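Q: Please take a close look at one part of this model, the nonpolar side chains that may gather on its surface, and then go on from there to the surroundings. I would like a careful, connected account that I can follow with the structure open beside me.

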Amino acid sequence: MNFDKKSALSRSVKVQSATKSLVLIPIAVGINLIGGTLCSTLKLPLFLDMIGTIVIAVLSGPWVAALCGLLTNLFLALVANPVYLPYALVSVLCGLVTGYLIKAGLFRNKFGVVVTWLAVTLTNTVSASLITIFVYGGATGVNSTSLVTAALLATTKKIMFSVFSSSMVENLIDKAIVFVIAYLIIQRIPKKFLSQYSSSLGDDD
Amino acid sequence: MGSGEPVKSPIEKLNPLTKMLAIFCLGLATLIYPNSWLGLGIVIVLFGVAGMAHILKSFAKTIFGFGIPISLMLFFIQGLYSPKNKTIIADLGFAKLGEEGLLYAAKIVITLLVFLATFYIMNQTTYAGKMVAALTSSGINPQVGYLILASLNVVPQMHRRLDVIKEAQEARGVETTGGLWARLKAYIPLMGPVVMSSLTDAQERGMTLETRGFANTNVKRTSYIEVTTSKADTYLRAGLIIFLVAVIIISILMRW
């Protein structure tokens, strides 16, 4: 299963970070999941389950963020539904894209945040749609997204197009809100705390 | 993950690695087999296994709760709009129902159900600590084991923290009900403190672990959780592998 992949990953993660980064990972996984829970508590029609990944991408870099994405989906698969397992690939890719763009300095101003948002939306839409189509045949159950897919399908008759566009619309909105929230939260993290990690934000003032 | 029943069922006593092998073998066999009948058989057998593990009620609820909606959705998408459709069974006016799409959808649903069912049984009958102990004893890095266990433990803890913060912010006048915009605005005052306090918590955890020699290499780690491989485990593993090989051979023969 994917445990072999993970031990290889952990080796590369260990090279670039110590215990300090390691303990951040479960915390970030927790933040991801609590973000999702809070959404359902507030009855928001969104996911918002990427906040932890973004925060850890700022603090510890792309590969740790990718590992955090992987663990988030592993956890969801364990406690909620194994359907989430193949989507671990999506979380890993989103973690990497976010991490590398932040590393390139894009999180220092609002324009960069918009670029990161669009890049992550694109990554998420393409990879998640491919998994939905090729692993699940078009839907993973009855939820708002798959209903949009069904409605589009009834008018356009094209499976690929329907899955892509419903996922695109959903992702554009969801990721925009996630990035705004994560950006606002990261602004409030004390500089003193950020500076002890290999931060990509610390040197802008 | 289940905390375990007071009386241990035979399923619970199995080595976690045997159960993981079962997920892999049964899932893969269903995937490889050219039609859905084998998968259907496996799901029916798994109902029996769930009965043995005393989790039949919640098992059935999970299987039907997931199976029925996804079947409807996939039969609609694939049955009506699959490009593979050639044999038309019925004409609904706005679209034609095709046999190939329906069979494809049935195959996907049954494969998912086998994975869901095996996964669910493993989850409900395995204590998370035991699973991680089994994994570390079979050569997985103990730090990866820590990551999995810590992630599982941290979530309930953060839930409690979120509840405390929610009450505090409501006392301050933050509205957590009302229109969509009001609820969205409530997100930050609730999420911000959770993130901040978790980050300080992470710092404490890091220091605690380091003082206990967590980052030390070349040391043998001990665990109080004993993982045993019984005779039943050995037979079951052999049986699963033989089953998988047999299914692969039969599938190849059926396709020729």
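A: A nonpolar patch is made of residues with over 30% relative accessible area and no salt bridge, and its side chains, drawn from Val, Leu, Ile, Met, Phe, Trp and Tyr, are joined within 5 Å. The model described here is predicted.

By that rule, Val114(A), Leu118(A), Leu122(A), Val126(A), Leu130(A), Phe134(A), Met160(A), Met168(A), Val169(A), Leu172(A) and Ile173(A) make a nonpolar surface patch of about 920 Å². The elements that contribute two or more residues to this patch are α6 and α8 of chain A, and α6(A) supplies the largest share, with six residues. One member to locate is Leu172(A), which sits in helix α8 of chain A and which, at a relative accessible area of 30%, is partly exposed.

Over all chains the structure holds six aromatic pairs. One of them is formed by Phe107(A) and Tyr183(A), an edge-to-face pair with 5.8 Å from centre to centre and 75° between the planes. This pair links distant parts of the chain, since Phe107(A) belongs to the loop between α5 (88–103) and α6 (110–134) of chain A, whereas Tyr183(A) belongs to helix α8 (residues 159–188) of chain A, 76 residues apart. Phe107(A) and Tyr183(A) are both buried.

In chain B, Phe47(B) and Phe64(B) form a tilted aromatic pair, with 6.1 Å between the centres and 35° between the planes. Phe47(B) lies in helix α3 (residues 37–52) of chain B and Phe64(B) in helix α4 (residues 56–81) of chain B, so the contact ties together parts that are 17 residues apart in sequence. Phe47(B) is partly exposed at 22% relative accessibility, and Phe64(B) is partly exposed at 48%. Ring pairs link Phe47(B), Phe59(B), Phe64(B) and Tyr120(B) into a cluster.

The loop between α3 and α4 of chain B holds His54(B), and here the backbone deserves a look, as most residues other than glycine have a negative phi. His54(B), however, has a positive phi near 60°, and at 52% relative accessibility it counts as exposed. Leu48(A) lies in the loop between α2 (19–41) and α3 (51–60) of chain A, and its relative accessibility of 0% places it among buried residues.

A search of the whole structure finds zero disulfides over all chains. For Cys39(A), the nearest cysteine sulfur is that of Cys94(A), 16 Å away, and Cys39(A) is buried, with a relative accessible area of 1%. For Cys68(A), the nearest cysteine sulfur is likewise that of Cys94(A), at 12 Å, and Cys68(A) is buried with a relative accessible area of 0%.

Methods
Residues numbered from 1 in each chain as written. Chains lettered and ligands numbered in written order. Predicted model: local features only at pLDDT ≥ 70, side-chain atom pairs only at ≥ 80, totals over all residues. Heavy atoms only, no water. Phe/Tyr/Trp six-rings, centres within 6.5 Å; stacked < 30°, edge-to-face > 60°. Helix = DSSP H or I, 4+ residues; strand = E, 2+ residues; numbered from the N terminus. Buried < 20%, exposed > 50% of the residue type's maximum accessible area, 1.4 Å probe, protein only. Patch = residues over 30% accessible without salt bridge, like charges linked within 9 Å, V, L, I, M, F, W, Y side chains within 5 Å. Areas by Shrake-Rupley, 256 points an atom, 1.4 Å probe, with all protein chains shown as cover. Salt bridge = Lys/Arg side-chain N within 4 Å of Asp/Glu carboxyl O. Disulfide = S-S within 2.5 Å.
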